[in-house]
Amino acid sequence: MLLDARDLHKSYGKRQAVVGLTLQVAAGEIFGLLGPNGAGKSTTIKMLAGLVAPDRGSVRVAGLDLVRSACAAKRLVGIVPQELAVYPGLSARDNLAFWGELYGLSGRRLAARIGAVLEVVGLAERGREPVERFSGGMQRRLNLAIGLIHEPRLLLLDEPTVGVDPQSRNRIFESIEQLSREGMAIVYTSHYLEEVERLCRRVAIVDSGRLIAEGTPAQLQAAAGHGLVVLTVQQPLEEAAAALVALPGVVGVHQEQGDGRLTMAAHRPQQVLVAALEVLSKAGIGVSGVQLVESSLEAVFLQLTSRSLRDEP
Amino acid sequence: MKTLRQIWALTWKDLRLLAGDRTAIVTLFILPALFLMVMSQALAGLYNRGQLPRVLTINADRGPVAAKILDRLSGAVRLEAAPDRAAAEARLRSREAAAAVVFGDNFSRLAEGGGQPSVGFIVDPAAPRELLAPIQGAIRGAAERTLAEVVLPIRLRERVDDLVAQSPDPLVFLPLAGAFDNLQVGEVALKEEYPSGSAPPAQRPGSLQQNVPAWTIFGIFFIVNALALSILRERQSGTLTRLAAAPLSIPVLLAGKLLPFYLINLVQAALMFALGIFGLGLQVGAQWPALILVTLAVAAVATSLGLLIATLFETPEQLGGIASALVVVLAALGGILVPGFVMPELMRRLATLTPQYWALEGYQSVLLRDEGIGGVLPQVGVLLLFALGLFLLAAWRLGRTPV
């Protein structure tokens, strides 16, 4: 395994951020790390990047311990933070040159790597422009390119597509898939489950600092064996949710206060949909929208954590 | 080699970012230079001993005594005749002069007749006591000496005349006939000396000797804001996360982050002294190594303080103008904005708690006392202790701050 994290523990004061987390990611594998806000994802990523030392447990990258052999191990890791970690006052090439030099690149090798990563993220034509002139999507792509400049063997991607346009998102997906084919191990966190379903071969779901499920998306969905029923209802939302949670086959209900949506994780979702419409009709609650998702990672997530992935903590 | 390249990469990056930051350039270079040019002129009167206080004269005396007093006074104040009291008062109100002296038409007659002549002294009510007291002293001294020279011969002649009238042989007093002409009252000479071990001053403290080092120190400490902002922006943008994830040791990261700002401090000091020397005429003497040593120590304190300030806030918005306000307050306390010699005792004691005070002391030891490296070691030592203390505090804070 390229990444071998075992029995990771981390506490901040009395709060346990990560408890006994074990992860392994092979070369060429894209591994999804999912969890609601405050679940311990960020702390896990920080430990995997060597930013935070675990209280207990170990992280090895290609056999190198990230605490004992910090500098050597960090050379093998690329990180793409959720923030746009670029210098807007410099050009894309200057940004890449700076980070490349920090990782020990220079001369022709550095120039070649700058050209290569700009090509990977589709910014080869704009490399000499100041980054402050880039669109948000282009800055996201540069953010990814910086993480790749030193040819890491493990890439940690923390919400790499937040706020990007569809064109840039697709370009980022293509880049990630290409890197995976070239043998890079990738850990991917996102709030967008469709991204994880598309990209990741294996997924881990963490909640309250603990690993609560791990497997391929198909394995997780099969184990849960249910889908999603999404209803857009008129107020009162709480009353509707209370009526639906008691229906046979419903394993969880989540309310989206903003748009009046109720999302139900359910066994036999078609039958639950019929029953739900009947119950709401009798209660005098109008329904303005219906969506049926037979089986999804989101449903698994909702069942396991009782929260939507986009919930606030 | 690899380490040095990493430090240089970090340094070069920050220098380039700062070169594009107009606010930083104005704050670090243009404002201190403007302050220096304006304040060295504005405070010239406070220091420049060649520029005597202006005193107006209204002399209606019909005899010679007032003229003699004014003649004696001309070395201590700058005298200008006013046609009448109304004109003098108008000029006092418009702050053209600090005071006016008035001699009445019978001043000489009273003086020579043994009376009690008086000198009118009109002052601007807004004129500070510190300015008026030396003028009053000078007028009183000149008047008393002159009156002594005028009155004493008259009294002596009167006494001799009495003695002649009573004497059986008046001719014995004949040698005294011209003895009291041009009688002069003696003056006590002041011999200036210095504490043992101290060299005579290279220069008298003047506006430039106060203002060039003072505003250099002021500008140097504005690096606190630029450095703290740079670190907080790195934290906010996520580049600090990336830096922490890079294969850099903590000392390399700190060195790379502090060095550009330290170098800017040195450039600031060089430019400010160049402006002082070539633009304003400051005389520096030969103790350049001592001047450079003080500068190196001041810059170390300023960058350490910037690092500490960065650890006390989480975002640039939180920092706001706090760093700038702190720098201004420390400058005021440390004798940068207001010279120490006009401060009350308590403020002078408080000043010693600021690095700015020791920096100014160090610079002025070189500029005014012509001290070399050995002479500024006490000030440099205190500055380095400040730098070390602030740096250790910042390192401790950094260790407790999550990336």
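## The sheet of chain B

In chain B, four strands make up an open sheet with mixed pairing, ordered S2-S1-S3-S4. Strands here are DSSP runs of E with at least two residues, numbered from the N terminus, and two strands pair if DSSP finds at least two bridges between them. The edges belong to strand S2 (78-81) and strand S4 (120-123) of chain B; each has a single partner strand, so one side of each lacks a neighbour in the sheet. On average, neighbouring strands are turned by 25 degrees against each other, direction ignored.

A word on the model: it is predicted, so local features need pLDDT of at least 70 and side-chain atom pairs count only at pLDDT 80 or more, while totals for chains, interfaces and linings use all residues. Residues are numbered from 1 along each chain as its sequence is written, with chains lettered from A and ligands numbered from 1 in the order in which they are written.

## Strands S3 and S4

Strand S3 (residues 99-103) of chain B runs antiparallel to S4(B), and four bridges join them. Look for Ala99(B), which sits opposite Val123(B) in S4(B).

Next, visit Ile139(B) in helix H7 (residues 129-166) of chain B; helices are DSSP runs of H or I with at least four residues. Ile139(B) counts as buried because 21 other C-beta atoms lie within 10 Å, and the cut-off for buried is 20 or more, with C-beta atoms placed from the backbone.

Leaving out residues up to four places away in sequence, Ile139(B) touches Leu73(B), Val101(B), Val119(B) and Phe121(B); contact requires C-beta atoms within 7 Å. The C-alpha atoms of Ile139(B) and Leu73(B) are 6.5 Å apart, although 66 residues separate them along the chain.

Methods
A residue is buried if 20 or more other C-beta atoms lie within 10 Å of its own, exposed if 12 or fewer, and partly exposed in between; C-beta atoms are placed from the backbone. Two residues are in contact if their C-beta atoms, placed from the backbone, lie within 7 Å. Axes are lines fitted to C-alpha atoms, for helices over the stretch in contact, and angles run from 0 to 180 degrees between N-to-C directions.
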